[in-house]
Amino acid sequence: MLEQRAFGTTGMDVSMVGLGAGQIGEIGVTETEAGEVLNGALDLGVTLIDTAASYGLSEERIGRHLARRRDEFVLSTKGGPAVNGQQDWSPGSVLEGIEQSLRRTRSEKIDVFYLHSCPADILQRGDLQDTLDRAVAAGKIGVAGYSGDNAPLAFAVDSGRFGAIETSVNIADQWNLRNVLGRRSEIGVIAKRPIANAPWRFAERPAGNYAELYWERLQALELDPLGMEWAELALRFTVHAPGVHTAITGTAKLDHLRRNIAAANCGPLPATVLERIDRAWRAVGADWPAST
């Protein structure tokens, strides 16, 4: 069974491994493949699916394949940038983004709606938080969230205006874990990039690949998986990190999701392994900001 956890004090429970639905929105993924992953995830006990307006066909495919099972999972999505002619980071864009997500996902309510990497200076205005509050009051969304990293994330958490956050947490990306998570225990926390974009796939620096930064960091950390698969080490670190309620793994392959769930089910890493990771981080990574 896949462990279910309270999502902060939102009143929702989420599986400790969630599905990041970005890849199922890609045009190279067929409708049959998307449906298999989405329905298979729920069959495996996944109760959180995370998407965004910018993830291609993702929202539409969630609606198409899971409308009849909508009460079986927590749906989180993200928006805020310009949509349908609305100005970037305006109340109108946020409201239109919510309406668009409702239509695409065929939902009566979006469980969690995140401002997607909204800059700190815009957060400081407060009008977007007011807009989300009105959407909650109207029953269009359940919880107002913020998705981002570093100083903007810290501001969002400290503001007390958000009930959930989504942020980078992994063995090569620990700034948010060490500096922000845990400040407000009532906030639901989704960890993204839990396997650090799998940089161990590359024997040499993958120049230009989205895993390049994490590849560089793993070289500097000089970590040893100690007989485990790298993916298992990374996933167990993130899923069981203090303050994390669920970690989303992005895939369009059901077998990949099964393996991730099996790894998470192995439980927390031994204390000796966590100590080695901590020593390595404090030695070379203490000043590394989160990847954005």
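Modeller: The lining of the second largest pocket consists of 8 nonpolar, 2 polar and 3 charged residues. In this division, Ala, Val, Leu, Ile, Met, Phe, Trp, Tyr, Cys and Pro count as nonpolar, Asp, Glu, Lys and Arg as charged, and the others, Gly among them, as polar. The model is predicted, with residues numbered from 1 along each chain as its sequence is written; local features need pLDDT of at least 70, and side-chain atom pairs count only at pLDDT 80 or more, while totals for chains, interfaces and linings use all residues. Side-chain values rest on heavy atoms, with hydrogens and water left out.

This second largest pocket has a volume of about 150 Å³. Among its 13 lining residues, Leu177, Phe237, Ala241, Pro242 and Leu274 are the closest to its centre. A pocket here is an open set of points on a 1 Å grid over the protein atoms alone, where a 1.4 Å probe fits, with protein on both sides within 12 Å along at least five of seven lines; lining residues have an atom within 4 Å of a point. Its volume is the space filled by probe spheres set on the points, which are joined across faces, edges and corners. At least two lining residues come from each of α7 (175-179), α9 and α11 (271-285). Helix α11 supplies the largest share, 3 residues. Helices (H or I, at least four residues) and strands (E, at least two) are DSSP runs, numbered from the N terminus.

The largest pocket holds about 1,300 Å³ of space. It is lined by 46 residues, and those nearest its centre are Gln23, Arg193, Asn197, Tyr210 and Gly250. Two or more lining residues come from each of β7 (141-147), α6 (150-159), α8 (212-221), α9 (230-239), β10 (246-250) and α10 (254-264). Helix α10 gives the most, with 5 residues. By class, 17 residues of this lining are nonpolar, 18 polar and 11 charged.

Leu221 lies in helix α8. With a relative accessible area of 6%, Leu221 is buried; buried means under 20%, exposed over 50%, and partly exposed in between (1.4 Å probe, protein chains only). Beyond four places in sequence, Leu221 is in contact (heavy atoms within 4.5 Å) with Ile171, Ala172, Ala280, Trp281, Val284 and Trp288. Although Leu221 and Ala283 are 62 residues apart in sequence, their C-alpha atoms are 8.2 Å apart in space.

Ala196 belongs to the loop between β9 (188-192) and α8. It is buried, at 0% relative accessible area, and, leaving aside neighbours within four places in sequence, it is in contact with Asn170 and Tyr214.

Arg69 sits in the loop between α2 (58-66) and β5 (74-79). Its relative accessibility is 10%, so Arg69 counts as buried. The side chain of Arg69 makes a polar contact with the side chain of Asn39 (3.1 Å), and another of 2.9 Å with that of Asp43. A polar contact is a pair of N or O atoms within 3.5 Å; within protein, one must be able to donate a hydrogen and the other to accept it, and residues adjacent in sequence count only if both atoms are side-chain atoms.

Finally, the largest nonpolar core has 75 residues, of which Ile49, Ile62, Leu115 and Leu132 touch the most other members. Such a core is a set of buried Ala, Val, Leu, Ile, Met, Phe, Trp, Tyr and Cys residues joined through side-chain atoms within 4.5 Å.
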